[in-house]
Amino acid sequence: PCTHQSDDMRLSASSTTLLVALRTPLCYRVDAFASSRITSSPARHQFGRHSSLPLHIGHNLAMASSSSNTEPTEERYPPSRVVIDPNTNEKWRLCVAAAVLRPSDNALLIGERFGVPGSWQCPQGGVDDKDPESNDQGRRRKAETLREAAARELYEEMGLKLGKHVRYLHGDQDDISDEANVGPKPYRYTTKGTGSWLEKQGFAGQELHWVLFECMSEECARDPKKVCDLSGLNGERQEFTGVKWSDVQRVLDEIWENKRAPYKSLAEFLGQGR
């Protein structure tokens, strides 16, 4: 999930987030292994393991204050999958956003950010790499695919289950390849100069991919508030305080400017008839 107070970052008017459409053929990008241990303060721990870029309305990104009266603690997070730009050799953390669509009118399911009233967005977060120290045998052997990560984020942040409430819209899409990425274009968020934990770990920023789902629950299609569990599941903190269906164009019109590009890509793709 995205952070609302940001992992090691807070907001200031002095730094910016840049979004650029990816033009490098996806088949040339490869996975690498990222560090799984992050030294942090107790406040860092509460933001959870799948935090992605903090994107807040009306503000830009900057490094968080590190002042604290408590000693730093070391909290272990699963390693993230990354992509390497073959032209620059830059390392980007791989992230996904889950777009749940209502079949009757193509409305988009969005949540209101915890602690950020009026800020609505789709569930999103990082993609886990294989983790030798995981309690899950499957996770020790195999990294998450984009679809698996998106389904997990959707469950953790909204309580929606694959096969019960939603299904994949494109059943043949699984992971990064020219064939799989027939949906909205992925985008990159640079974190250079922010002093974030991403930058400290050598990431140039994050690369966001859309994964599309279709709502298959009639009750959720009528009133998602009666179906969604926003408490934060799988040990994750609460990400949203409200949930609703909204026209994609309206979401695009009301989204914070620094978050607009990926949602514009989604709107353009849906406008082509998905």
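Guide: We can start with the overall picture and then turn to some residues.

Guide: This is a predicted model, where local features need pLDDT of at least 70, side-chain atom pairs count only at pLDDT 80 or more, and totals for chains, interfaces and linings use all residues. Residues are numbered from 1 along each chain as its sequence is written, and side-chain values use heavy atoms, leaving out hydrogens and water.

Visitor: Great. What does the secondary structure of the protein chain come to?
Guide: Seven helices and 15 strands, taken as DSSP runs (helices H or I, at least four residues; strands E, at least two) numbered from the N terminus.

Visitor: And how much of the protein chain is buried?
Guide: Of its 274 residues, 58% are buried, meaning under 20% relative accessible area with a 1.4 Å probe, protein chains only.

Visitor: Switching to Asp 85, where does it lie?
Guide: Asp 85 is in the loop between strand E7 (81-84) and strand E8 (91-101). Asp 85 is buried, at 7% relative accessible area.

Visitor: Which side chain does Asp 85 join in a polar contact?
Guide: That of Arg 188, at 2.9 Å. A polar contact here is a pair of N or O atoms within 3.5 Å, one able to donate a hydrogen and the other to accept it; residues adjacent in sequence count only if both atoms are side-chain atoms. A polar side-chain atom of Asp 85 also lies 2.8 Å from the backbone nitrogen of Asn 87.

Methods. Buried means under 20% relative accessible area, exposed over 50%, partly exposed in between (1.4 Å probe, protein chains only).
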